[in-house]
Amino acid sequence: MTTTLITNIATLVTNDPALGEGPLGLIADAALVLEGDRVAWAGPAAAAPAADRAVDAGGRAVIPGFVDSHSHLVFAGDRTAEFNARMSGQPYKAGGIRTTVAATRAASDEALSANVARYLREALTQGTTTFETKSGYGLTVEDEARALRIAAEHTDEVTYLGAHIVSPDYADDAAAYVELVTGEMLDACAPYARWVDVFCEKGAFDGDQARAILTAGKAKGLHPRVHANQLTYGPGVQLAVELDAASADHCTHLTDEDVDALANSATVATLLPGAEFSTRAQWPNARRLLDAGATVALSTDCNPGSSFTSSVPFCIALAVRDMGMTPDEAVWSATAGGAAALRRTDVGRLTPGARADLAVLDAPSHVHLAYRPGVPLVTEVWRAGVRVVRAGARDRTT
Ligand SMILES: [Zn+2]
């Protein structure tokens, strides 16, 4: 197997405290050796072993590729008017998710798949090498299964979210919709998915309905994750912890009991500041969760309604500026934290044996991700040992 030495790295983020300084395992003047699709070695450049070929990082920083553990990319249509109205302070008659459901149902398989590919490429050029994505804009047996089949063509981290909202077709009979989501729809969707998710929120699904949906999914071999406590206080976080969900996502409105439950569990608190940004809502308090000892992930929630960004660096900048995270914590949460939210140990770190997924920043340090907000610092991306985005060619993938 060919080995590649990447050397002249000003700062290497390994996310392994045993390899370097602090929780990020930082190594200055570092090098990295890749073998096939894996990392073979990480350490000071002066101590690097020989390799078949060498690549000069030019005094830039290298970080693990971002792990974006929460997105909704299987959709069609656009909600520009809704965003514009919201940001203009006009009262908006909520078409909301239903607008996207109608457009998604009407779209061809090819159009949906092309849309997923487009946003993935956008994310890749910004350093995202692992991503999760969900159904939830079909809300019929056929449309949900189709969304998951298409998602599975693009990633292994596929989430069944038939319980995004009660389907408009069942507007007067939520119980019947829950029965569909836990029955026939689940049967059709489970073969394509790894995860089951539910939007546990006032106006979507209550605690009992969410428990029924997640429990049914678990019985079919899917692992739970939960949209929890986004718009108001509620039972979502406690339910996530009770069912050993990999992640409780949003966590904007938390009681002390919710924070304690997360801190004393294996359930990651995934914060999605793009949603608060795009709805001018209250920020989640990352500092409070971190101080309590919870594991925090940062993700984009990329979707056309409430968070239409594929940029993890943007989320890092928001988390540092407005959610009380240090730059180190935010970078950890967007890499190792995202991996923890997907119960993965092979990504989100640059340690021997991990997948060779990395981003090269046009900056000497990972801190610049927050220090230089809005600047496209990711200049090169390697995925599974292959350089898929090249320096000076951000718009071209090879
Ligand atoms: Zn979401």
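The centres of domain 1 and domain 2, taken over C-alpha atoms, are separated by 29 Å. The contact draws 23 residues from domain 1 and 18 residues from domain 2. This is a predicted model.

**Domains**

- In the domain assignment of the protein chain, domain 1 consists of residues 3-64 and 349-397.
- Domain 2 is assigned to residues 66-341.

**The side of domain 1 that touches domain 2**

- Two or more residues each come from strand S4 (53-64), helix H14 (368-371), strand S14 (378-383), strand S15 (386-390) and strand S16 (393-397).
- The most is given by S14, with three residues.
- By class, this side of domain 1 has 15 nonpolar residues, along with four polar and four charged ones.

**Thr 279**

- Thr 279 lies in helix H10, which covers residues 273-279.
- Within 10 Å of Thr 279 there are 16 other C-beta atoms; a residue counts as buried at 20 or more and as exposed at 12 or fewer, so Thr 279 is partly exposed.
- Leaving out residues up to four places away in sequence, Thr 279 touches Arg 86 and Ser 306.
- Met 87 is 192 residues apart from Thr 279 along the chain, and the C-alpha atoms of the two are separated by 7.9 Å.

Key. Residues numbered from 1 in each chain as written. Predicted model: local features only at pLDDT ≥ 70, side-chain atom pairs only at ≥ 80, totals over all residues. Domains from an automatic or database assignment. Contact = placed C-beta atoms within 7 Å. Helix = DSSP H or I, 4+ residues; strand = E, 2+ residues; numbered from the N terminus. Nonpolar A, V, L, I, M, F, W, Y, C, P; charged D, E, K, R; others polar.
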